[in-house]
Amino acid sequence: MDAIASPSVPDVKGASGAGVRIRVRGLAKRYGALEVFRSIDLDVGDCEILSIVGPSGCGKTTLLRCIDGLIPVDEGEIWVNGTRVTQPIAGMAMVFQHFGLFPWKTVYGNVAYGLKMAGASKAEIAERVPHFIAMVGLKGFENAYPYQISGGMQQRCGLARALAVEPSVLLMDEPFAAVDAQTREILQFELLRIWEQRPTTMLFVTHSIEEAVLMGDRVIVLKGRPSSIAETIVVDLPRPRTRETLREPRFAALREHVWSTLLSEARRAEFEVGGGL
Amino acid sequence: MTESLRRHAPLLLSLAAGTALWEIAGRRASAAFLVPLSETLVRLWEIAASGQLWEQFVSSAALFLTGFALALAIGMPLGMLLARMRVLRVALEPYIMILYATPMVALIPFILSLMGFGFAPKALVVFLFAVFPVLYNTIEGARSIKPELIEVARSFRSSEWKLWCDVMVPYTLPFAMTGVRQAIGRGLVGMVAAEFFLSATGLGQLIMTAGQNFDTGGVFAAILVIGLIGVGLMRVGLMLEQRFARWRD
Ligand SMILES: Nc1ncnc2c1ncn2[C@@H]1O[C@H](COP(=O)(O)OP(=O)(O)O)[C@@H](O)[C@H]1O
Ligand SMILES: [Mg+2]
């Protein structure tokens, strides 16, 4: 495992600050007595995909909600595109774990929603919505309501809604966790294909190690209670990433590395609980 | 044709049986209590032909629609506002619950002494009968909205106004419509009660005068009209509810 660099300080493309899309410094968040995470530092470069992996309940969603400006932080600062985030800002869009589609809106209405909120004109909406519906492969389902389509298709719709506002920063909260394994794999590669067409900065939260390695330029492992960044792993796999990538020995090595980091954490947590009893 | 006949057969049979029962019971009972359906229909025709029915119907409809429209215009927005503002809800909820549970007829003497016999106090009675189911169902509906969806709206930088237009209202409408349907029935009770106890007008007056004149056929004719209006309005309410709830699986 020596071959794998694991710098404890986040290593950034353009560490000078130029090209940094997301900068997080000393972030801490508490829900009452529960301290979710502390001293989180992140820098995400332009068009970089940063995977964040960690066990369920470690605060991944909370971190994304902070970065999206949805909830206040207790300590630290978040900067996106040079703007200090204290509330949701333009140029950033989120894809939600449970899709977050409006059930009373059709696929078309849901995809148009972000544009409508951004104040796009009717003509602009009529032009862009079909384009993004086609991009995620939902052509022909424009008039379907969310309950009429499968989970995978619902998340395609959620993705199109986020892409339609052409954000420079995409926040993905376990976007494929709620769909079946097969659909998940299809969606992963489609997302990679879409990203190749139109690269954006992406924070990709997942609890799947394989997915984290496949998607990310770097993988951040969250651990501990409260969580903090245990390790940052640089994923030096070439792009475009395809199904071939999954078969490369390097992919397996990286996956093992992330896995052992998470496992040692899981073990320790188990012992901590055991010791406490 | 035969299929739809088979489907509706129980309903048609039941209606036929009810009609026959009314007719037979009416023929046997003293005319002071009950008259047969045929006689009721004849009286209804007479009242209609005299122009009286239409006149009183218009008077009642104006009363009902005023009170009912007020109940919707206040009940639905207030319900959503209370769902959205916790402080306000906690402060007002006990009063809403008490008033919802209070038989509104009990308030009529109070309204009479406060506002007299005019149109306004009567519309207020209809309003009070109708508003609470609307308010209550709107609050419950609006509160059941998933916080995640509010968060989606905030993430896409929705203004509060757009949050209402695009999220609160479309989500809450089907729930509110359940209350609206209940409010139709209660509003009609309020209408007749106001016409009985405040000043006698409309279909309520028709019942009262007929009663005073021992015109049992007239009484039943007016009751029949009110009942049919109620059934018709309920159907409209149900249709609207289904229309707004199309998105629910
Ligand atoms: N609104 C909230 N209020 C209180 N506790 C919360 C809230 N949201 C999340 N939590 C808690 O914070 C921790 C992290 O949650 P979350 O960010 O959803 O984790 P993850 O996304 O990694 O599964 C969990 O223990 C969860 O119970
Ligand atoms: Mg989560």
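**Aromatic contacts and a helix pair**

A:Tyr113 and B:Phe156 are both buried. The model they belong to is predicted. A search over all chains of the whole structure finds 13 aromatic pairs.

**Aromatic pairs**

- A:Phe102 and A:Trp104 make a tilted aromatic pair, with 5.4 Å centre to centre and 35° between the planes.
- A:Phe102 counts as buried because its relative accessibility is 0%, and A:Trp104 is buried with a relative accessible area of 10%.
- The ring centres of A:Tyr113 and B:Phe156 are 6.0 Å apart and the planes stand at 85°, so this pair is edge-to-face.
- That pair crosses between chains: A:Tyr113 lies in helix H2 (residues 107-117) of chain A, and B:Phe156 lies in the loop between helix H7 (147-155) and helix H8 (160-197) of chain B.

**Aromatic cluster**

- One aromatic cluster takes in A:Phe102, A:Trp104 and A:Tyr113 from chain A, together with B:Phe156, B:Tyr171, B:Phe175 and B:Trp247 from chain B.

**Charge over a ring**

- A:Arg239 places its charged end over the ring of A:Trp195, 4.7 Å from the ring centre.

**Helix packing in chain B**

- Helix H5 (residues 108-115) and helix H6 (residues 119-143) of chain B have axes that come within 10 Å and cross at roughly 150°.
- H5(B) and H6(B) are therefore roughly antiparallel to each other, and their crossing is right-handed.
- On the H5(B) side the contact is made by B:Ile108, B:Ile111 and B:Met115; on the H6(B) side it is made by B:Ala120, B:Pro121, B:Leu124, B:Val125 and B:Leu128.

Conventions. Residues are numbered from 1 along each chain as its sequence is written. Chains are lettered from A and ligands numbered from 1 in the order in which they are written. This is a predicted model: local features need pLDDT of at least 70, side-chain atom pairs count only at pLDDT 80 or more; totals for chains, interfaces and linings use all residues. Side-chain values use heavy atoms; hydrogens and water are left out. Rings of Phe, Tyr and Trp (its six-membered ring) pair if their centres lie within 6.5 Å; planes under 30 degrees apart count as stacked, over 60 as edge-to-face and the rest as tilted. Buried means under 20% relative accessible area, exposed over 50%, partly exposed in between (1.4 Å probe, protein chains only). Helices (H or I, at least four residues) and strands (E, at least two) are DSSP runs, numbered from the N terminus. A charge sits over a ring if NZ of Lys or CZ of Arg is within 6 Å of the ring centre and within 35 degrees of the ring normal. Axes are lines fitted to C-alpha atoms, for helices over the stretch in contact, and angles run from 0 to 180 degrees between N-to-C directions. Angles under 35 degrees count as roughly parallel, over 145 as roughly antiparallel, 65 to 115 as roughly perpendicular and the rest as oblique. A crossing is left-handed if the near helix is turned anticlockwise from the far one by less than a right angle, and right-handed if clockwise. Contact means heavy atoms within 4.5 Å.
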